[in-house]
Amino acid sequence: MPPRRLFRLLFGLALLVPALADVPDRYATPRARAGVGNAPAREYLDPTYPLPRPPAATPSCVVPVLSYSFAHTYGAPPAKAAYAPPAACPGPWSLVVLSFSAACAGDQYDRVAAVWLDGAELLRTTTAEPTADGIRWTVRKDVTRYSALLRSPPDGVLSVMLENVVNDQYTGVYNVSVSLEFFGTPAYLSDAGLSSSSAIPRADVADPDPATPALPESYFQPADLILPISEATGETGFWFRIQNSSDSRSKLVTIPSSTYRAVLEVFVSPHANDEFWYSNPPDLYIRENNLTTRRGNAAYREVVVSLDRHFAGSFVPFPVIYTGGINPLFWQPVAALGAFDLPSYDVELTPFLGLLVDGKPHEIALSVVDGIAEWFVDANLHLWLDPSSSDVSAALGRYRTPRLSISRRYSTRLLDGSFNIRAKRKSFFSGWVNSSFGNFTTEVETKVEATSLVEFSNQGKTKTVRLQAEQESEIRIRSETRKVVGKVETEAKFPLWLQTVTEDGENGTYVLRSNLTHSLSVETEAEAVGLFEREEKLADEQAAAGWMLVRDHDVVNGTAATSSAYRYSDDAGRYERAIDAVDGVVLSDNVTESYRAVDGAMPGARDACCRGGRRCGGTTAAAKCSDIAAM
């Protein structure tokens with residue numbers, strides 16, 4: 001993410017306070033002072049749910065894969081390293097953790113980065129902005145769902161893209177190391193017949209009717225095959241770079257005829273003129289006021305998945321704020337929601353298998369409604385294969401063509417204006433697949449709603465942004481007798497409120513005061529007859545307030561206070577963490593957690609199909625907040 005120019009608004013001969021539509025929303029932290037650097041590097045953090053603890057006596061090994069210093073890498077290809085599955089820890093694995101550790105000192109902007117294995121993305125992340133004394137942080141992500149990739153032949157290639165700019169002004173070099181930690185299955189669990197990803201039955205879940213076929217346990221285990229939907233060469237990163245709303249990027253894939261389940265996992269991040277899409281005014285406001293900013297096209301975005309040019313799913317992306325965004329002092333040392341581990345989004349494609357299992361190539365495409373330059377988007381196609389048959393039969397059933405309903409109400413008066421958008425889309429798909437496990441029909445019903453308001457007042461010096469996005473999805477899996485044998489219901493909400501005010505400064509500076517609240521709430525209920533019942537709730541919230549004195553893109557001075565509250569609960573217990581920070585100093589960091597034993601499970605074992613960071617029937621386990629279901 002190279003630096004952007006600072007645009008100012010000139011009236012006559014006087015240089016006035018810039019209109020907020022022309023003020024950048026991305027800044028560099030206060031410049032490093034010469035001679036400072038004796039203090040140890042400060043650790044930055046992202047308060048989320050801790051990774052699940054493997055059972056006692058679990059064999060494990062750590063595999064360092066890549067170590068690289070990203071200096072002036074803008075326009076360069078990704079850093080690459082050879083990968084092979086560890087001989088000392090053969091699969092199957094109960095848990096695989098990717099660690100992305102970084103350190104940096106000096107002056108630098110935040111940058112976007114990604115980790116791919118053979119073109120399939122494992123992690124999308126952004127960097128923290130460094131200080132003179134240096135900072136460090138580590139992202140640990142559960143990547144067990146990529147086991148099919150991780151056990152690939154011993155000629156794999158792991159790639160890391162991080163485009164950085166180093167010159168006389170921006171001196172920070174990001175030193176990155178990537179490793180993988182593999183956990184096997186302890187002997188006492190293997191002897192008990194519990195594989196690394198088998199669902200642990202609960203005593204309070206009734207046995208299914210023997211006359212009704214039940215879903216196989218493999219339905220909730222990691223996929224058997226993962227196909228990347230990404231750029232073929234990866235010389236500029238494996239992500240597609242989407243430039244406008246008509247820019248659709250796609251890839252042809254041929255899937256095995258034995259596929260009985262398919263889920264598309266989408267990674268997405270906005271940059272450049274659309275990094276703060278949720279606060280963009282419409283183009284008419286920019287034209288009427290002769291502004292030079294290119295950050296327009298109003299404040300609604302929706303990522304759309306198409307299959308052979310037919311709509312197959314969509315979602316409104318969660319508005320991740322990078323560490324240089326709004327006010328970079330907000331994010332010292334606690335990152336904004338999702339900034340270190342950006343969400344991915346699952347789209348259930350099982351109803352469309354009737355179109356896909358014919359042995360022919362099919363086009364999977366990604367686009368962004370109303371998007372402008374630029375969006376980095378790619379996807380992984382997760383496929384489950386029938387172990388007992390080389391062919392399944394399948395057919396698309398009901399397909400309700402989903403149309404986007406959108407209304408816009410705009411009013412302007414010179415630099416003041418109010419821009420309101422309401423959008424809604426409903427969809428319903430169904431399709432059956434007949435495999436050796438039985439004939440099951442998958443129904444996918446979704447509803448996406450979003451309301452956005454961007455308002456300028458006080459002659460454009462005050463800007464207020466409100467976003468309310470909601471997504472409801474339900475997946476139902478029916479037997480041949482129409483009985484529901486599996487169900488996942490998910491409701492996700494992410495409101496955002498932001499107000500910024502500009503004031504006169506001296507010597508080419510201005511003061512920017514900001515108040516921000518944003519949150520993510522996800523509730524999931526999942527059930528598979530005879531296997532499990534589960535309910536999960538996540539609430540991740542942040543509130544921040546402060547001011548900064550700005551010259552160009554640089555923060556000269558300022559103050560900020562940020563409060564973060566993370567709450568997660570499921571059938572196994574509850575976890576809460578609350579952090580308060582002022583001017584880069586953590587004043588309090590409190591963790592509260594409680595757990596109960598899982599009925600019918602051995603000590604240390606938890607419901608493997610839905611534990612933290614895993615999926616239930618295609619939906620993310622809300623614990624990680626690293627993925628959002630968008631079926």
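Strand 7, spanning residues 112–117, pairs with strand 8 in the antiparallel sense over 6 bridges (strands being DSSP runs of E of at least two residues, numbered from the N terminus, and pairing requiring at least two DSSP bridges). Within this pairing, Val 115 stands opposite Leu 123 of strand 8. The model is a predicted one, in which local features need pLDDT of at least 70 and side-chain atom pairs count only at pLDDT 80 or more, while totals for chains, interfaces and linings use all residues. Residues are numbered from 1 along each chain as its sequence is written, and side-chain values use heavy atoms, with hydrogens and water left out.

The two strands belong to an open sheet of 4 strands, ordered 5-10-7-8 with antiparallel pairing. Strand 5 (79–83) and strand 8 (120–126) form the edges; each has a single partner strand, so one side of each lacks a neighbour in the sheet. On average, and with direction ignored, neighbouring strands of this sheet are turned by 15° against each other (axes being lines fitted to C-alpha atoms).

Residues up to four places away in sequence aside, Leu 381 touches, among others, Leu 225, Val 253, Leu 264 and Ile 364 (contact meaning heavy atoms within 4.5 Å).

Aromatic pairs number 28 in the structure; rings of Phe, Tyr and Trp (its six-membered ring) pair if their centres lie within 6.5 Å, with planes under 30 degrees apart counted as stacked, over 60 as edge-to-face and the rest as tilted. Trp 137 and Phe 340 are stacked, because their ring centres are 5.6 Å apart and their planes at 10°. This pair links distant parts of the chain, 203 residues apart, with Trp 137 in strand 9 and Phe 340 in the loop between strand 17 and strand 18. Trp 137 is buried at 2% relative accessibility, and Phe 340 is buried at 3%. By contrast, Phe 419 and Phe 456 make an edge-to-face pair, with centres 6.4 Å apart and planes at 70°.

Definitions and conventions. Axes are lines fitted to C-alpha atoms, for helices over the stretch in contact, and angles run from 0 to 180 degrees between N-to-C directions. Buried means under 20% relative accessible area, exposed over 50%, partly exposed in between (1.4 Å probe, protein chains only).
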